[in-house]
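This report covers a helix pair and a pair of domains.

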Amino acid sequence: MKILAAALALPALALAADLEALTRAEMPSLLALYQELHANPELSLHEVETAARIASELRAAGFDVTEKVGGQGLVGVLKNGNGPVIMVRTDLDALPVKEQTGLPYASTRTVKDEQGREVHVMHACGHDVHMACFIGAARVLARTRDTWRGTLVFIGQHAEERVLGARLMLRAGLFSKFPKPGHALALHCSADMAHGTVGIVEGYALANVDTLEIVVKGVGGHGSMPHLARDPVLLASQIVVALQSIVSREVRPGDPAVVTVGSIHGGTKSNIIPDEVRLQLTLRSYRAETRAHLIESIRRIVKAQAESARMPAEKMPEVHVSDDQAPALYNQPELCARVRRALLPVLGEAGVLAREPVMGAEDFAEYGLTKEKVPLCMFWLGTQAPETVAKASAEGRTLPSLHSPFFHPVPEPTISTGVKAMSAAVLDLMGK
Ligand SMILES: [Zn+2]
Ligand SMILES: [Zn+2]
């Protein structure tokens, strides 16, 4: 039995050793690429230099690259005989955040945003790490092509932070003009996991995200004569409180949902009753029915509250649901199980963690929602020194989150783990 186990483990061990050596050889140039990307971040829909850089790296690795797919998106294809078609996705964009990490390669870049305001730009969501891992995996897979058969579709997706890029690339023919993937993979930095580890969430991993604005109208007047006015400040306050009953009283316990009113603005002065108050909300859910329920309930409650405040028909509040809607990410359990099995020999038991779902958003979800129903798996990539994670957890502190100006991954071990993990997952799906 012992001899058999050793014999069975041998190919896996050989693969792990090969991946280790291949990845190590790429690390100096991947670290340089990472620092260059980190120092030169670009906002969503403006990833011109980033996309060109990633396209040229993919071409150098042997991929056939098409640029400007649905905007700044790019698609690299590597055909290597008959076999599965596997898609790997990286995102390209950064955020309007002023970096405060103090790193030597910190971003000092500023640009004009769409309103013409000067804003700082930072890779505060780790998309620069994603790109370095993506290029590393592309090189490793191209270099090992005599060991697998099939087609790699490596896509650089723009505008993830605006949850637009995936939709734009799909609309531009990602699944019709390029080989249609049988599976799609992506990774995302985790701000609170140790480097050297990856985390997998089976099933719903990230949430439906909706942004709503409620315009609460009123009839303005003098603060001393409230009986002649219809006060939208009081009505808005009642709406905020009433909305809290949706999750607590209407949604089935155990079905995750969030209704947060994150902004309330109205009025100018203590003795004036204004004629308008604006509320901004974020909604989170996993199931499509729950999402629809939240929006429907908000409309119902808002209207009923306005009626009970004697608001005239023409002063009913307006509920605007933004088009910038992100669908929930569903990690297909069978694919997750396969990825997990592929990663174990490379990262070890301690390196592959089961993680809880969170209610953030990622438009990678879109690739699984077309008629092709492509199975998806996006896994988390640890970015922090294990001692930092242990210390923060012992002290009950949270580490700087994604999108924080202080978020900084430890590049070398993070990227090398990402390259090995992504390469191992793809090789497994290719039948190797
Ligand atoms: Zn982000
Ligand atoms: Zn992100």
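Which residues in α5 meet which residues in α6? From α5, Leu-235, Gln-238, Ile-239, Ala-242, Leu-243, Ser-245, Ile-246, Val-247 and Glu-250 are in contact (heavy atoms within 4.5 Å) with His-293, Leu-294, Ser-297, Ile-298, Arg-300, Ile-301, Val-302, Gln-305 and Ala-306 of α6. By class, 11 of these residues are nonpolar, 5 polar and 2 charged.

The model is predicted, with local features needing pLDDT of at least 70 and side-chain atom pairs pLDDT 80 or more, while totals for chains, interfaces and linings use all residues. Residues are numbered from 1 along each chain as its sequence is written, chains are lettered from A and ligands numbered from 1 in the order written, and side-chain values use heavy atoms, without hydrogens and water.

Helices here are DSSP runs (H or I, at least four residues), numbered from the N terminus. Axes are lines fitted to C-alpha atoms over the stretch in contact, with angles from 0 to 180 degrees between N-to-C directions. The α5 and α6 axes come within 9 Å and cross at roughly 140 degrees, and the crossing is right-handed.

Domain 1 and domain 2 bury about 670 Å² between them (accessible area lost on being put together, 1.4 Å probe, summed over both), with 67% of it on carbon and sulfur atoms. On the domain 1 side, Tyr-204, Ala-328 and Met-359 lose the most area to domain 2, together 77% of what that side buries.

Notes:
Helices (H or I, at least four residues) and strands (E, at least two) are DSSP runs, numbered from the N terminus. A crossing is left-handed if the near helix is turned anticlockwise from the far one by less than a right angle, and right-handed if clockwise. Ala, Val, Leu, Ile, Met, Phe, Trp, Tyr, Cys and Pro count as nonpolar, Asp, Glu, Lys and Arg as charged, and the others, Gly among them, as polar. Buried area is the accessible area (1.4 Å probe) that two parts lose on being put together, summed over both.
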